Amino acid sequence: MHIPRWSRFGLPALLALSLLAAPALTLLPITPSQADRVRTGTLTTTTAPSPTLGDPIAYTVYLPYRYDRSKDRYPVLYLLHGRGDTMQAWTRVKSTLDQMIAAKSIPPLIVVMPDAPWSDRGNWYVNSRYTTGRPVETALTNDLVKAVDATYRTAPIREARMVGGYSMGGAGALRYVLAHQDLFSSAIVLSPAVYTPLPPKDSSTRDYGAFGDGTTKFVDAIYEQQSYPQQFAKVNPDLPVRLFIGVGDDEYANPDPADAHHDLDFEAATLYNTARRVPGVSAEFRVVDGGHDWTAWTPAFEQALSHLGPALSVVPPTPLPTPLYGTAAQDWAGGLAVHADGSMTVGLAAGDPINGQEHKGKLDAVLMRRNTDGTTRWTTQLGTSADDRLYGVAATDDGGVLAAGYTKGDLDGIHSGNTTDDAFVTRLNADGTVRWTTQFGVPGVADRLYGLTAAPDGSAYVTGYTKGALGGPNSGDKDVILARLAPDGKLSWTRQLGGAGEDKAYGVAVLGTQVYAVGSTTAAMPGATALGGLDGWITAYTTDGTPQWTTVTGGTGDDRMNSVIATSAGPVATGAQSGDVAVAALTLAGKQRWTTTIATSSADEGAAVVALPGGDIGVAGYTRGRVSVAAGGADILTARLSSTGKQLSATQFGSVRDDGVDPFAEPNLYATARSNGTLAITGLTYATSSNGDIFVTPN
């Protein structure tokens, strides 16, 4: 809140002063055995040298339970007090820290609570040009941080540092995380004393020289230059910032209606609505019960730590592999195959020429063979004047490759005049030359392929959808199609499956005489009951096209299955269930064997499931949460499961922008197994381009 000039101290300080007349309390020290029982951290007051100020900086430090017995490195939280307060104000959150660390809701961390006595404790944590002002910001962000890193077992990276504060300290925390993105990755901003565009005339922000110059205590231009709108304009989106903004619902209400927008609950909401629109900044906003005091700050601090704390990491995130592939135009990932010699064929849809090939128009289907050293062996670019997009690549035993997708043109040379989506499958020889291309569909409607697998005899099984009658009568809207192509490219059979809703298939697998397809439906699949929302499903056919069974998966929310593998025990599929990665294993008869969910607090989805040597199962997808160390945006998630669905490991990697998912929140990611049992992955990334590029994990 803004404090009238007649008040020298903020409310927290007045409360502290009122305690001066109370009898002194004697705190008995906690013995080591007692500390073990309550798992309590320790508080110590010390100083750090400050060449900038010429005088030491006093601070209280919280060290977590068993810090002295560990050799680990720890993240650090810097907490800034409000105007008129001291470093002691923040010590009241010690029990909250102890409890949250013990409950493992946040990692063990070091907490530094600096004292800020300069400018009569009204310095706003900035470098002041006022006659008696001090370079507080430089002292704390340079001298104090360096001293803490030299004294304690910290991790000197931005991912391991967070800053927080309330009132004046909230304004300081906001400025530090924005103006010093190289130091801090997140900030707890509670009841921040920030005003836009300028503070009201009776605000204490104007009284202490923090934004002054010479003998003038407050200069409008200096305040505006250091305010958050100016800082947001300078944010580097490659160094993402996470904010938690909290405020009480009983904040001081200015009696002057003209200044009502300067009430701090109003200012906090304005800050949040500004922050959420800034590239590179993510923000959460909470209004809690309480005023401009600890009735609000205590619960808000706990909520902030619960949200931001788990993302603190003493190791930096794993970046995307480079180089990236693609063009300046729109590009999409289209599939990946690993060959017996260790080389890989990467599929993509490209909006411009790739490796000097001719661009046919709009999106072209491109296949690149990559050697084990990462060099390109050959590139084949297929296309028409319309869109031609890949959705699957599979290796053949002769070193060649199959690819499938859809075309809006005449890709095989015998569909002149086609302007709607047709399914296509193409087979390339080991040297990248085209052996055959088969295009099929219902004239005038959309027919797309989203899934492809190769059989040992050289045939191909594909799946997707049709809006027409391609393998039987249309049941309504889109129906699933499943087809087999012989080794020479001729269609052996086509089957159509669907209900009254929109039915799509995304993945297909074959083993022995069994073929499995997976996808989603908006209604009920034939012979099954709708579960609610979007449902996932798995269906089984024999290799001669005879239907066996269909099983619906999921719950009452939105669910779908994106990828499937065939095992001797039955199919294993992955996708999404109510915003989490879901992996489901069925018997040969279509009954549930086991299900596994990989969940974070944010959106997650499985995109590819892979059979690994020894019976383990690999899963690749995307997460907007934290599985290991978050890079930012949507990251690539990988997991390894046992043959019984037990999660053995999980990790993530990525860029600060979205990876593995397209702007429609659909995964654009493919994975297959290498001979050494690891996953080879390719997918879409917006790391360097708003049009998207393609990443590929090394051979």
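Three cavities of 30 Å³ or more turn up in this predicted model. The rule behind that count works on a 1 Å grid over the protein atoms alone: a cavity is a set of points where a 1.4 Å probe fits but cannot get out, whereas a pocket is an open set with protein on both sides within 12 Å along at least five of seven lines. Lining residues have an atom within 4 Å of a point. Grid points are joined across faces, edges and corners, and a volume is the space filled by probe spheres set on the points.

Before you start clicking: this is a predicted model in which local features need pLDDT of at least 70 and side-chain atom pairs count only at pLDDT 80 or more, while totals for chains, interfaces and linings use all residues. Residues are numbered from 1 along each chain as its sequence is written, and side-chain values use heavy atoms, with hydrogens and water left out.

**Stop 1: the largest cavity**

Select Ala-171, Val-194, Gln-226, Ser-227 and Tyr-228; of the 17 residues lining the largest cavity, these lie nearest its centre. The space inside amounts to about 170 Å³. Now colour helix H6 (168–179), helix H7 (220–226) and helix H8 (228–232), each of which supplies at least two lining residues. H6 gives the most, with four. Helices here are DSSP runs of H or I with at least four residues, strands are runs of E with at least two, and both are numbered from the N terminus.

**Stop 2: the second largest pocket**

S10 gives the most, with four residues. About 1,300 Å³ of space lies in this pocket.

**Stop 3**

**Stop 4**

Most residues other than glycine have a negative phi, and most peptide bonds are trans. With that in mind, go to Arg-66, which is not a glycine and yet has a positive phi of about 65°. Arg-66 sits in the loop between S2 and strand S3 (76–80). Then jump to Ser-119, another non-glycine residue with a positive phi, here about 55°. Ser-119 belongs to helix H4 (residues 118–121). Which of these is buried and which partly exposed? Arg-66 is partly exposed, because its relative accessible area is 43%, and Ser-119 is buried, because its value is 14%.

**Stop 4: two cis peptide bonds**

Zoom in on the bond from Thr-196 to Pro-197, which is cis with omega near -5°. Pro-197 lies in the loop between strand S7 (186–190) and strand S8 (213–214). Then move to the bond from Thr-322 to Pro-323, also cis, with omega near 5°. To place Pro-323, look in the loop between H10 and strand S11 (331–338).

**Stop 5: Asp-352**

Follow the chain to the loop between strand S12 (344–350) and strand S13 (364–370), where you will find Asp-352. Asp-352 counts as partly exposed because its relative accessibility is 30%. Leaving aside neighbours within four places in sequence, Asp-352 is in contact (heavy atoms within 4.5 Å) with Thr-327, Ala-328, Ala-329, His-359 and Gln-381. For a distance to draw, take the C-alpha atoms of Asp-352 and Gly-512: 160 residues apart along the chain, they are separated by 41 Å.

**Last stop: zoom out**

Show the whole chain, with its 10 helices and 37 strands. Its C-alpha atoms fill a box of roughly 90 × 55 × 50 Å along the principal axes. Of its 699 residues, 58% count as buried. Among contacts between residues at least 6 apart in sequence, 59% join residues at least 24 apart.

How values were computed. Buried means under 20% relative accessible area, exposed over 50%, partly exposed in between (1.4 Å probe, protein chains only).
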